[in-house]
Amino acid sequence: MTTAAGDNARIVDLAKLSRREANTVLQSYNGTSNSTLIRVLNPAGTHALACGLDAPLAVEIDGHTGYYCAGMNKHANVAVLGNAGQGVAENMMSGRVHVHGNVSQSAAATAHGGLLVVEGNAAARCGISLKGADIVVKGNVGHMSMFMAQAGCLVILGDADEALGDSIYEAAIYVRGRVKSLGADCVEKEIADRHCDQLASLLEASGCSGIDASEFRRFGSARELYNFKQENIGVY
Amino acid sequence: MSEPDWGLRESHTFDRNAIAYIRRAASTGLYRIRGFGAKRHIPNFDDLLLKGASMSRYPLEGYREKCRTSVALGTRFASKPIELAIPITIAGMSFGSLSANAKEALGRGASAAGTSTTTGDGGMTNEERRHSKTLVYQYLPSRYGMNPDDLRRADAIEVVVGQGAKPGGGGMLLGEKISKRVAEMRTLPEGIDQRSACRHPDWTGPDDLAIKILELREITNWEKPVYIKCGAARPYYDTALSVKAGADVVVIDGMQGGTAATQDVFIEHVGQPTLVAVKEAVQALIDLDMHRKVQLIVGGGIRSGADVAKALAMGADAVSIGTAALIALGDQDPAYQTEYEQLGSAAGYWEDYQSGTDPAGITTQDEQLSNRLAPEMAGKKLANYLRVLTLEVQTIARACGKSHVHNLEADDMVALTVEAAAMSGIPLAGTNWVPGT
């Protein structure tokens, strides 16, 4: 597989190093720009890989990863040239995580900042409890995506499964395909110019070309469940 | 013998509490949410007695012979276990449910007494970190304020699965207490009711949790002890599965544990007594050959040095206190009696922690009220209280001939009631009988 890392990349080979050793190398790297490249070979579904990074370096993982890849990422640009397991980029603070395959449940759960791009599909609860990060999924998303999402944005180029945006707070959801059903307190909203700008910016950042913001619908909170009231009992 | 007053004959079934409950429900259409903890009678440590020493055991000289109280937590996997001077820790309570001054006071008091305090559902404040020598950082389902920097500057991590007041329930912080600062820390608008999920967003069950803990250890270089805290639902299995998931420390919280805001029906009717929690948790550790290898902290209604001694004698390594610590800071202070009365309560009865109107300035975000609590003085009171608890445990331990409080053992106790014997596994006084065995 051709990679963006090129020949000058530093190699971290999980066929030779343990997870702890590999993460120690990645975490100790004090890069000053994303031009610092590290290629991770033979990930073989390793869990908790490239988590806790705290510097602007570029990590390219050559294969599939297990749970919590790039968890709590700060500053780093992590590319997974395969599929990623549960909780990829969970609680990400900043930086960018780009998965070239599919992702499992709870992608970018509780993430505060940064951008997660998924070339394939995302399973259930994508963006659960999101706290400010942005997510672009080029395929479909599973049920209960953006459950209790507080801030940030999920862009879905494909379809969304049932109960999208259940109990959502101030986060935004853009869907280009079909929505099977909306969750409690999630409603469709108008798209204003500023929303189109936000969407266009995220599409560009995630490498989507030839897609117009007008193709999307926007969803967000009806703000009816923000306070505990008797008239809401039916939805509890 | 005088004639009974039939006109004032109270029903045991429909007593005044039951009638008030029905009238309130009929009036509001909503269940009651409140703070504090269970108010019903539950068999507890008062139903156990220490035997002391006589011919068959030598006591230690009360003021001359050492009785050590230190405890190491996190010796299983963490490269930097916590060493506490006393086996009494401060339980997790959030900034949001408590004022910043109260959090600071908890840190000050705990540090002065040589023990740890714990963050809560709302993240870590700088005041709390600055004034807490040993700070445990809670990892909760909401992940409010969670970030890797705070994770690294913590001394231990506590993965919260549940708490004694509401095992199986999530958190709630009513809009009355959502100040600008609290809202910002939680990434939510001001004034809305903030719900905390009852399950974690990115793991389900102990197999997933094992991987989650692996991630937390990788992020923190395997330095920090990782606790798992559970409400006492099924303490034997909760403990066993926590060990399986990789915990360094298991925290089990009995149903007497306090809360800042929970449904009354949850507080009073869900969970198991602390006596049961300790017995089952210890048994699980023994069965796995993990007793004293994975440390056990027990919370839920701990009030006195006697309670601490009895928990340790049942096999716990340490206890945690929450409600008692707040009372030590100044909660329920009779000096505020008039204000408690204006709020429809009284000093000693106050339970509306959820309302943000706490006259003592502890469970509030109101600036004027919270300014009533001077962190330095309140911290001194807490430290005093912790010292008294410690002295009391030492007194009891010496009387039982123990040179370390951890040498207290189940054989040092008897149960006063059949119920307590069954729940604690301690034989009924005067017999060798433990019901149910």
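Visitor: What should I know about the numbering and the model before I start?

Guide: Residues are numbered from 1 along each chain as its sequence is written, and chains are lettered from A, and ligands numbered from 1, in the order in which they are written. The model is predicted, so local features need pLDDT of at least 70 and side-chain atom pairs count only at pLDDT 80 or more, while totals for chains, interfaces and linings use all residues; side-chain values use heavy atoms, with hydrogens and water left out.

Visitor: What area do chain A and chain B bury between them?

Guide: Buried area is the accessible area (1.4 Å probe) that two parts lose on being put together, summed over both. For chain A and chain B this is about 3300 Å², with 56% of it on carbon and sulfur atoms. Of the area that chain A buries against chain B, 20% comes from Y68(A), M72(A) and F228(A), more than from any other three residues.

Visitor: How many salt bridges are there between chain A and chain B?

Guide: Side chains of opposite charge can pair when their charged atoms come close. A salt bridge is counted when a side-chain nitrogen of Lys or Arg is within 4 Å of a carboxyl oxygen of Asp or Glu. Between chain A and chain B the count is four. One of them joins K74(A) to D149(B), at 2.6 Å from N to O.

Visitor: Which salt bridge does R39(A) form?

Guide: Over all chains the rule gives 40 salt bridges. R39(A) pairs with D62(A), their closest N and O atoms being 3.2 Å apart. R39(A) is in strand β2 of chain A and D62(A) is in the loop between β3 and β4 (77-80) of chain A, so the pair ties together parts that are 23 residues apart in sequence. Strands (E, at least two residues) and helices (H or I, at least four residues) are DSSP runs, numbered from the N terminus.

Visitor: What is the strand order of the open sheet in chain A?

Guide: Two strands pair if DSSP finds at least two bridges between them. The open sheet of chain A has 11 strands in the order β1-β2-β3-β4-β5-β6-β7-β8-β9-β11-β10, with mixed pairing. At its edges stand β1 (10-13) and β10 (186-189) of chain A, each with a single partner strand, so one side of each is left without a neighbour in the sheet. Within the sheet, β5 (residues 96-99) and β6 (residues 115-118) of chain A run parallel and are joined by four bridges. H98(A) has V117(A) as its bridge partner in β6(A). Helix α1(A) packs on the sheet and touches β1, β2 (37-41) and β3 (58-61) of chain A; the direction of α1(A) makes about 155° with that of β1(A). Such angles run from 0 to 180 degrees between N-to-C directions, with axes fitted as lines to C-alpha atoms, for helices over the stretch in contact.

Visitor: What pairing does the open sheet of chain B have?

Guide: The pairing is parallel, over eight strands in the order β5-β15-β14-β12-β11-β8-β7-β6. Strands β5 (88-90) and β6 (116-118) of chain B are at the edges with a single partner strand each, so one side of each has no neighbour in the sheet. Neighbouring strands of this sheet are turned by 30° against each other on average, direction ignored. Five bridges pair β11 (residues 226-231) with β12 (residues 249-253) of chain B.

Terms used. Contact = heavy atoms within 4.5 Å.
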